[in-house]
Amino acid sequence: MENWVQILIIISIYCVIVLAVGVFTRDKGKTSLESYYVGGRSIGPFVSYFTYVATFHSSFAFLGAAGMLYTSGINFFATMTSCIVSPLMIYLIGRPVWYLGKKYGFMTQGDLLGDYYQSRLIRTVVAIVSLIFLIPYLQAQIIGGGHIFSSVTGGRIPFLWGCVILYVVIIGYILLGGFKAVAWTDTIQGIMMIILIWIAGSTILGKVNGTLDWSNVMHTMAAEHGDKLLIPIERWPVFMTTFLSLFGISIYPPTFQRFYSVSNPKSLKWLAVTSPIYLIFFYVPVMAVAFLGAIHMPGLEAPDQILPLMLTKYTTPTMTGLVMAGALAAPMSSTDSQLHAASSIFTIDLYKNLSKKPVTDQKGLLVGKSTIVVIALIALLLSQFSSQLIMAISAFALGGCLQIMPALVGALYWKRATRQGALTGLVAGFIAVLATQFIWKTPFGLTLSSGAWGLLVNVLLFVIVSLLTPKPDSAQIEKFHGYLASVNRDFDEAQASESRKKQKGVIAS
């Protein structure tokens with residue numbers, strides 16, 4: 001049996017398993033919008049952990065990250081900061097978002113912001129911009145899947161058919177199972193990714209280096225590729241501000257939606273503390289493979305292929321098949337979450353919100369599932385064309401999503417935040433991101449990330465306009481801020497009561 005056939009069989013078995021998981025974890029019987037889009041708010045800590053980290057790591061994790069490290073070296077660490085800063089956002093917004101979602105039935109960002117600011121326009125703007133930024137990311141994931149099928153079969157499965165296979169498998173289990181199917185398949189994929197990338201990295205390092213001690217690899221890199229171990233001075237402004245844009249990962253609709261889905265807000269606190277360990281730990285073997293590739297396979301025209309090339313050269317077909325199944329898990333675990341989030345945004349924030357007649361759950365589910373098929377098809381078609389504009393949108397998508405953060409923080413923490421301020425900041429922030437990404441790339445001679453420029457403009461106008469416009473209705477402030485204050489009081493009282501019980505127990509003993 002030829003090597004590529006063995007590899008393809010392993011990947012095919014993986015695809016069947018994923019479909020089976022989607023079928024068996026779906027909600028049985030009649031399904032509601034809440035069940036389909038946020039899992040009935042019943043997801044436990046184990047599954048919530050892996051659906052978050054698997055959604056976080058896309059096809060970029062296996063292919064793009066290795067390619068970036070191969071070509072640019074430690075410049076990649078600017079991107080890697082997302083593994084630390086993004087989970088910090090869970091502390092800031094995760095818990096209050098969960099409580100508000102539970103009490104008022106929110107399922108999307110637009111749900112919460114439209115209600116707080118009493119504005120259909122804000123809800124619509126947030127929804128449209130989110131969809132605009134989601135589609136290029138979907139395109140990038142399908143491209144990654146197409147390249148995986150093409151590379152492991154030596155081109156015998158064309159790029160187009162690789163994309164189609166990924167498309168069919170993913171929409172299959174999303175349509176069948178909704179959020180629970182997505183969350184459970186993400187869990188399987190998240191476990192696979194971390195185990196297989198470490199097996200791959202260790203195997204390749206041992207074969208090429210003769211030992212798992214890679215200090216000599218770093219010495220060779222310093223001697224032969226020293227430029228890849230340094231950050232040029234001109235890159236520092238962008239390097240130091242990139243982390244601001246990367247806060248956008250936890251504002252990004254697929255990850256944000258997970259705040260609503262957990263059964264207990266304590267899961268979010270645990271997630272914020274522990275997820276950076278997984279996210280950073282993942283890239284250690286990726287860096288080892290990329291640096292070994294730079295030494296032993298220099299000058300590749302397609303740097304993103306360094307991982308499959310190193311696997312094919314230094315490991316067995318079985319190992320290559322298993323690891324590339326893990327690589328396929330990366331785009332699948334992101335694509336399913338992105339499609340699912342896009343469907344919820346269109347159905348809840350646009351179709352249901354703007355409909356003149358009440359929308360039943362059954363009608364909403366039909367629209368939502370149709371949306372999944374259509375949006376996935378759009379991303380599939382875009383994946384077959386090369387467009388610098390679309391790929392540029394992918395690059396600044398997180399910076400665009402980040403512009404939702406000031407309005408969101410205002411709704412959760414600032415009683416003086418107004419509808420006019422939120423809308424002005426949102427629109428101005430999005431325009432600033434576009435302008436500094438494509439037109440005015442170095443305003444005032446400063447080279448900062450487009451997301452950072454957008455956030456600066458957004459926050460300034462949000463605060464100024466909010467202070468210059470009438471204060472929000474007191475009933476609305478009480479609905480959000482008053483409720484969150486009562487939640488915090490109840491929590492503090494429960495903690496104090498627990499502490500008193502423990503003290504009494506110590507004295508009695």
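A cavity here is a set of points, on a 1 Å grid over the protein atoms alone, where a 1.4 Å probe fits but cannot get out, and lining residues have an atom within 4 Å of a point. Volume is the space filled by probe spheres set on the points, which are joined across faces, edges and corners.

Before you click on, note that this is a predicted model, where local features need pLDDT of at least 70, side-chain atom pairs count only at pLDDT 80 or more, and totals for chains, interfaces and linings use all residues. Residues are numbered from 1 along each chain as its sequence is written, and side-chain values use heavy atoms, with hydrogens and water left out.

**Stop 1: the largest cavity**

Select Thr 108, Gln 109, Pro 253, Ser 344 and Ile 345, which lie nearest the centre of the largest cavity among its 15 lining residues. Now show helices H7 (109-116), H8 (120-152), H12 (253-261) and H15 (317-354), the elements that each give two or more residues to that lining. Helices are DSSP runs (H or I, at least four residues), numbered from the N terminus. The space inside is about 80 Å³.

**Stop 2: the second largest cavity**

Next, pick Leu 138, Ile 142, Leu 166, Tyr 167, Ile 170, Ile 171, Thr 335, Leu 339, Ala 376 and Ala 379. They line the second largest cavity, which holds about 50 Å³ of space. Which helix gives the largest share of this lining? That's H9, with four residues.

**Stop 3: H3 against H9**

Axes are lines fitted to C-alpha atoms over the stretch in contact, with angles from 0 to 180 degrees between N-to-C directions. For the contact (heavy atoms within 4.5 Å), select residues including Phe 46 and Phe 50 of H3 and Trp 184 and Asp 186 of H9.

**Stop 4: H10 against H13**

Finally, show H10 (residues 215-224) and H13 (residues 266-296), whose axes come within 10 Å and cross at roughly 50°. These two are therefore oblique to each other. Among the residues making this contact are Met 218 and Met 221 of H10, and Phe 291 and Leu 292 of H13.

Note on methods
Angles under 35 degrees count as roughly parallel, over 145 as roughly antiparallel, 65 to 115 as roughly perpendicular and the rest as oblique. On a 1 Å grid over the protein atoms alone, a cavity is a set of points where a 1.4 Å probe fits but cannot get out, and a pocket is an open set with protein on both sides within 12 Å along at least five of seven lines; lining residues have an atom within 4 Å of a point.
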